[in-house]
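Work through the exercises below with the sequence and the 3D structure at hand. Try each task before reading its solution.

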Amino acid sequence: MLSFYEFIEKKKNQEQMSETQLGFGKFSDRDVQDIPKPYLQWVLKNVEWLRPELRAEIEAKLGSVSQTQSGPPQRQQPAATQTWVLSKVIADNQFGLSPGTKVALSKTNQGNWNFVTLDVAKKRGILPGNMVAQIVQSERDAQGRPITSQNLADLFPTKQKDKKQSPLIPDDLMSEEQDKIDKRFEQLINNPDQSHIMISALAGSGKTTMLKHLAWKYGSPQQKWLYLVFNTKNKVEATQKFPSFVDVKTTNGFLGEVLRDKKNINKIPQTERMVNLSKYKGKRGDDSNTAGLEKARIIVDGPEFNSLMKQFHIPEKVDAYEYGSISKTVNSLLRGIRYTFKEQVLTLAGLAKSFALDPRKSLDEGIQKILDNYDFDTELSDIKERIAKYSGSFRSEATDALNDAMGIDFMQKDYKDEIVEAAKWLMNSTMPGGTSQKYKKGSTEHDLGQFRDFNDDLWFAAIHGDEIVWPKYDIVLADEVQDFNEAQKIMLKKLHDAGAKIVAVGDSNQSIYRFRGADSEAFDNISNQLTDLSKDKNVVHRLTTNFRSRKAILDFANDETHVKDLKGRKFNDDYEGAVTKFEKQYDDAFEELKAEQAQGERKPTAFISRTNEPLVHAALKLLGAGIPFMIVGKDIAKDLSKHIRKIIARFRINDQDDADYLSERMKEFHQEEQQAHEGKSTKKAYLHGLGEVTDAITSAINQFSQDNEGGTVKEFLRWLSERLGGLDVQENEKELKEYQRKLAEENPVVLTTAHRSKGLEFPRVFILRYDLFPHKKAKRPADLQQEENSKYVAITRAEDELHIIDPESEPGSKKGKE
């Protein structure tokens, strides 16, 4: 593919290229008329820097007529509820729109016009219908027709055929910090000595823009570039923005390729990822889902680990009548003990892998360091607290029976040594060929010893780092390095050893993955590593100008968080944004959304919280109000479906019964529970929650029935799942595209946690349950620092408005329960 670099060089050298010949790719120098149409269609869609003359020649052959004069053909989009019109501001106005600004307009039911500026700011607002003609003018195509689309994204400059937006940062817009990095990189790439750059980039400071600028300006197809990104979302977005000679990969994806490279086949034992089990077909009709399947979890649920737990005096169960009526309680306690023990072992083994501990060597020192720095429930205290709540005689009877079944005094037992031994055993078992256990899919058995977990890509590459051949790159760009663990740090060292010059980018203030082994010192450790490895010690540079948020939001972030040096860019208007803290009540936010929806003018909005529980309440509230929303993360539909299934079983409802019948039974169950627990203070919170769930589900059934007269319970459950199912926009490419489509076409309210919001931005943000920052389980200084980082991430997602809801008005808080 002809890169931007090549294009510019040809322009500089005034090389003449035939208007009818392709100058790149597998059909280079071939006449357009001799090239297959599918390839030409691909060229129009993917080659942004195609010469207008050549584009016109290709379009002529394909017989396509575009709405605009040049650029790739517009994609077919699903039917949308809005049509957007490309327009330009032509006069001064009171809405903060500068003359010449390109905007997209969509008419509301009330005759007003929603607008979105087609620039980085993406400012949104409303123009009165009686003023719009004096303020804006629609853009026209070559045939004089208005340029429109049902997909807002198609009207942005990168999608317009008459606007080729340069990937370079313009000289007049480049900040002093960006200019320093630009000049430093120019020295680095032109100097034969091996040196590196570390960029400390605060939230919204355009780190990806900076990396993209460096790649387009200084890179060439004769070089090998690697861009390591944090997740699939980043990979999809970067692949569209960076030149083709840059290999864009997640660290897991890259290391997975290194492990199975033909140069390494005979150097280390070969394994397949667990996700590849999906390609093996079981018996006919087998639809078992292997997505998310983890080898480690299969092993701890298997017979070998079960035998190990018995050695640790943790039996599977007792006979149903061995201890009389108390046997059922003993088995319930044993299930809880086994589950908690397994989770502690899985957590310890997972962290040990993140810290690149090698089970072929002694693990004692490394595991002890993890135990010293992380909290583990080695006493299985949740189970002990559960027993402590039993009444006196029952507690004594249950404890005696449990101690007899286990052969130890459980209430005095600390399982630290057993958890450590089990974690070591598990690490050895998850090594290639480390287990003989089988996994059965359909009628086919698979040898688990030949498979590896997704996260074992990092672990295997790290512990085999000296044994394998590492690929050679000229330049390696590494993003989000504040969340790198020890295994990823080893990867950077090996890429350096192979000759790469590294540009690493991150923000220590956004380090929020300590639970994955990325400790609070990760950013500084990598910074020190790159400095030590560099010939030139001018390594560390900063980006502190936030291009996302308005002044009021940045001022609040500087005052409210541990970050004190956020600076803002100059906007095209004087609006400084809006921030409130505890001024808005919980219901106020939803009333505001309802009022906007009634006017057809709802502002793009997100609700962000520390945990999932507040999002469940918000989803129920939005569902009951008929306000469209989208969940990024938790699948709330599963929780509601469990309650619905309980009602279905209680009243013996058939899946084919009318959904309205389910609604009546929901109300009946609520009334029965109210009567049964009337006056009981211990049931007040339960009844309040049940009432909220009942109101939300019955309102949802009412919405469903309006569009699906006579719809069944089964159809309603499917409808509910579509609306309340969470989207994994970070790792699932299909769901990421669905998220982008819904944002552009439907403008739903987004519900997400602080962790899941990372990398996202919204014109208006409501933060729920601010009292949950920090999380109650965070005790260590390192964990409390991560909690501060989570709050900082949540606050800096806001572009124009930020509202911290009064926690005392929210469900789940002490006063919210009253």
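## Exercise 1: A residue in a helix

Asn702 is located in helix 24, which covers residues 684–707. The model is a predicted one.

**Task.** Decide whether Asn702 is buried, partly exposed or exposed, and state how far its C-alpha atom lies from that of Gly624.

**Solution.** 
Step 1. Buried means under 20% relative accessible area and exposed means over 50%, with partly exposed in between.
Step 2. Asn702 has a relative accessible area of 45%, so Asn702 is partly exposed.
Step 3. Between the C-alpha atoms of Asn702 and Gly624 there are 9.2 Å, while along the chain the two residues are 78 residues apart.

## Exercise 2: A residue in a loop

**Solution.** 

## Exercise 3: Aromatic pairs

**Task.** State how many aromatic pairs the model has. Then classify the pair Phe305 and Trp425 and the pair Phe582 and Tyr770 as stacked, tilted or edge-to-face.

**Solution.** 
Step 1. A pair of aromatic rings is described by the distance of the centres and the angle of the planes.
Step 2. Ring centres must lie within 6.5 Å; planes under 30 degrees apart count as stacked, over 60 as edge-to-face and the rest as tilted.
Step 3. The count comes to 23 aromatic pairs.
Step 4. For Phe305 and Trp425 the ring centres are 5.6 Å apart and the planes stand at 50°, so this pair is tilted.
Step 5. Phe305 belongs to helix 10 (residues 303–311) and Trp425 to helix 15 (residues 416–429), so the pair ties together parts 120 residues apart in sequence.
Step 6. Phe305 is buried because its relative accessibility is 0%, whereas Trp425, at 23%, is partly exposed.
Step 7. The ring centres of Phe582 and Tyr770 are 6.1 Å apart with planes at 70°, so this pair is edge-to-face.
Step 8. This pair, too, links distant parts of the chain, 188 residues apart: Phe582 is in the loop between strand 19 (578–581) and helix 20 (586–598), and Tyr770 is in the loop between strand 23 (762–767) and helix 28 (781–795).
Step 9. Phe582 has 36% relative accessibility and counts as partly exposed; Tyr770 has 7% and counts as buried.
Step 10. Phe305 and Trp425 also belong to one aromatic cluster, together with Phe312, Phe341, Phe410 and Tyr415.

## Exercise 4: Salt bridges

**Task.** Then describe the bridges Lys584–Glu592 and Glu787–Arg610.

**Solution.** 
Step 1. Side chains of opposite charge can pair when their charged atoms come close.
Step 2. The cut-off is 4 Å from a side-chain nitrogen of Lys or Arg to a carboxyl oxygen of Asp or Glu.
Step 3. Lys584 and Glu592 form a salt bridge with an N to O distance of 2.9 Å. Lys584 is buried at 17% relative accessibility, and Glu592 is partly exposed at 24%.
Step 4. Glu787 and Arg610 form a salt bridge at 2.8 Å, N to O. Glu787 lies in helix 28 and Arg610 in the loop between strand 20 (605–609) and helix 21 (613–625), so this bridge ties together parts 177 residues apart in sequence.
Step 5. Glu787, at 7% relative accessibility, counts as buried, and so does Arg610, at 15%.
Step 6. Salt bridges with shared partners join Lys123, Arg550, Asp573, Lys603, Asp800 and Glu801 into one network.

## Exercise 5: Charged patches

**Task.** Which residues form the negative surface patch, and which gather in the positive one?

**Solution.** 
Step 1. The negative patch consists of Asp319, Glu322, Glu397, Asp400 and Asp404.
Step 2. Of these, Glu397 is in helix 14 (residues 392–406) and is partly exposed at 42% relative accessibility.
Step 3. The positive patch is made by Lys224, Lys262, Lys263 and Lys472.
Step 4. Lys263 lies in the loop between helix 8 (251–259) and strand 10 (272–273); at 55% relative accessibility Lys263 counts as exposed.

Key:
Residues are numbered from 1 along each chain as its sequence is written. This is a predicted model: local features need pLDDT of at least 70, side-chain atom pairs count only at pLDDT 80 or more; totals for chains, interfaces and linings use all residues. Side-chain values use heavy atoms; hydrogens and water are left out. Patches are made of residues with over 30% relative accessible area and no salt bridge: like charges are joined within 9 Å, nonpolar side chains (Val, Leu, Ile, Met, Phe, Trp, Tyr) within 5 Å. Accessible areas come from the Shrake-Rupley method with a 1.4 Å probe; for residues, only the protein chains shown count as cover. Lys and Arg count as positive and Asp and Glu as negative; His and the chain ends are not counted. The place of a charge is taken as NZ of Lys, CZ of Arg, CG of Asp or CD of Glu. Helices (H or I, at least four residues) and strands (E, at least two) are DSSP runs, numbered from the N terminus. Buried means under 20% relative accessible area, exposed over 50%, partly exposed in between (1.4 Å probe, protein chains only). Rings of Phe, Tyr and Trp (its six-membered ring) pair if their centres lie within 6.5 Å; planes under 30 degrees apart count as stacked, over 60 as edge-to-face and the rest as tilted.
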